Amino acid sequence: MARIVMKFGGTSMAGTERIRRVAGIVKRQQEAGHEVAVVVSAMAGETDRLVNFCREANALYDPAEYDVVVASGEQVTSGLLALTLQAMGCKARSWLGWQVPIRTDDAHAKARIEDIDAEALTASMASGEIAVIPGFQGVSPQGRVTTLGRGGSDTSAVAVAAAVQADRCDIYTDVDGVYTTDPRIVAKARKLPLVTYEEMLELASVGSKVLQTRSVSLAMKEKVRVQVLSSFIDESAPPADDLPGTMIVSDEELEGSDMERQLITGIAADKNEAKITLTRVPDQPGAVAAIFGPLADGNINVDMIIQNVAKEKAETDVTFTVPQADLLRAQAMLEERKEAIGYYRLISDDKVAKISVVGVGMRSHAGVASTMFRTLADRGINIQAISTSEIKVSVLIDADETELAVRVLHTAYGMDATA
Ligand code: ADP
Ligand code: ASP
Ligand code: MG
């Protein structure tokens with residue numbers, strides 16, 4: 001007998017029929033003798049719909065009230081799944097964030113889980129009841145509902161798995177594993193049977209939305225075994241224990257497997273950033289601090305940064321990227337400080353995409369970046385900014401060229417699946 005946390009994403013929960021299919025998968029897992037808890041997302045498109053309502057009601061919405069609205073999508077699906085399981089003869093009940101409770105900090109709309117009280121939950125699971133938990137939501141120290149940021153149900157699932165000391169956390173989604181790149185963009189993407197926590201963390205943080213970044217760092221810290229697999233399986237599919245999804249493993253496990261380590265693990269694209277350029281910033285100590293200090297205070301994450309060396313005029317242009325969702329706020333802050341910073345013009349562009357190649361093999365191999373630059377140049381794709389880390393190279397390009405760039409890079413690094 002094992003204790004398993006199963007998470008189902010929005011596409012898997014979209015409508016009565018699909019929820020019935022999910023209930024079938026859950027029921028079979030329980031019939032195999034396992035203790036199960038299920039974490040569910042809102043129906044596909046529902047969270048977007050709710051976010052839009054908030055924007056329409058009040059463009060500068062209060063994040064605490066936003067949370068009240070957007071957390072409701074998962075409340076609906078958790079109740080519906082519990083009802084469907086009951087209709088199939090299973091013992092099941094829903095546990096809302098405040099009922100478990102899943103305690104978070106009070107950073108509304110991007111709250112962090114601080115602690116999960118798993119006692120009542122484990123007792124219920126041990127009694128043969130299926131616990132259904134809405135993902136994405138928690139409760140703040142003030143007792144108010146919080147949400148964990150977009151894609152946050154993955155993090156709920158991993159956190160619940162850690163709290164109940166589950167043997168495994170199975171993330172069921174609409175693709176059957178983690179691929180070398182988004183299989184919806186590149187048909188020749190290959191499924192990875194194993195991927196290390198470190199590589200998955202980097203891939204998620206540069207835009208592979210198959211797992212929320214925080215869910216991967218939490219799994220790594222708490223040593224949760226995470227598997228990504230498809231919920232679109234039929235009755236005759238093998239039990240989850242034998243399903244060919246993607247297992248997230250430690251470095252040692254990968255070394256011990258017969259999988260050959262590749263130079264590049266994957267390629268990700270992120271269209272959620274925007275570029276800001278400030279022209280003719282004075283080239284003197286404190287100038288850059290005057291730009292980025294206020295942005296940091298406003299909780300705006302700056303990603304790529306380029307500053308040119310000033311020529312004779314002791315002035316320089318500074319270019320950087322911020323999340324698209326924060327662009328208006330960042331612009332307003334910088335315009336307010338135009339004189340204090342001393343720049344000439346602010347130019348922004350939200351039609352950009354960040355393309356990243358990730359792989360631990362880069363540590364020991366030169367030439368990954370130059371292959372990237374050459375491949376993009378051959379296609380006439382202009383690079384607007386570059387950033388690197390030990391296991392990643394990212395470039396900023398025109399958003400319209402995203403698909404082409406990912407496809408040609410996938411081929412250039414020899415990652416295309418042979419048909
Ligand atoms: P869910 O609703 O189940 O949480 P998401 O839409 O958040 O699903 O994540 C799954 C999607 O992630 C896939 O449909 C796919 O388009 C996208 N994706 C991006 N990069 C990858 C990758 N490297 N491997 C697999 N899927 C990826
Ligand atoms: N429903 C939330 C979202 O769409 C959380 C999730 O599905 O992971 O972001
Ligand atoms: Mg998701």
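Select the shell around ligand 1 in this predicted model: by class, the shell comprises 5 nonpolar, 6 polar and 5 charged residues. In total, 16 residues surround ligand 1. To begin, highlight Thr173, Asp174, Tyr179, Asp182 and Arg184, which are the closest of these residues.

Next, display the side chains that approach oxygen atoms of the ligand. Asp174 places a polar side-chain atom 2.8 Å from an oxygen atom of ligand 1. For Asp182, the distance from a polar side-chain atom to an oxygen atom of ligand 1 is 2.8 Å.

Now move to Asp170 and Arg168. These two residues form a salt bridge, with their closest N and O atoms 2.8 Å apart. Is Asp170 buried or exposed? Asp170 counts as buried because its relative accessibility is 0%. Arg168 also counts as buried, at 14% relative accessibility.

The following stop is Lys354, which forms a salt bridge with Asp303. The closest N and O atoms of this pair are 2.6 Å apart. Colour strand 18 (residues 352-358) to locate Lys354, and then the loop between helix 10 (287-297) and strand 15 (305-307) to locate Asp303. The pair therefore ties together parts that are 51 residues apart in sequence. Lys354 is buried at 3% relative accessibility, whereas Asp303, at 32%, counts as partly exposed.

Select Asp326 and Arg329 next. Their salt bridge has its closest N and O atoms 3.5 Å apart. Asp326 is buried, with a relative accessible area of 15%, while Arg329 is partly exposed at 38% relative accessibility.

For a linked group, select Glu198, Arg363 and Glu390 together; a network of salt bridges connects these residues. Across the model, the count of salt bridges comes to 24.

Which helix contains Leu83? Leu83 belongs to helix 4, which spans residues 72-87. Leu83 counts as exposed because its relative accessible area is 53%, and exposed residues are those over 50%.

How values were computed
Residues are numbered from 1 along each chain as its sequence is written. Chains are lettered from A and ligands numbered from 1 in the order in which they are written. This is a predicted model: local features need pLDDT of at least 70, side-chain atom pairs count only at pLDDT 80 or more; totals for chains, interfaces and linings use all residues. Side-chain values use heavy atoms; hydrogens and water are left out. A residue is near a molecule or strand if one of its heavy atoms lies within 4 Å of it. A polar contact is a pair of N or O atoms within 3.5 Å; within protein, one must be able to donate a hydrogen and the other to accept it, and residues adjacent in sequence count only if both atoms are side-chain atoms. Ala, Val, Leu, Ile, Met, Phe, Trp, Tyr, Cys and Pro count as nonpolar, Asp, Glu, Lys and Arg as charged, and the others, Gly among them, as polar. Helices (H or I, at least four residues) and strands (E, at least two) are DSSP runs, numbered from the N terminus. Buried means under 20% relative accessible area, exposed over 50%, partly exposed in between (1.4 Å probe, protein chains only). A salt bridge is a side-chain nitrogen of Lys or Arg within 4 Å of a carboxyl oxygen of Asp or Glu.
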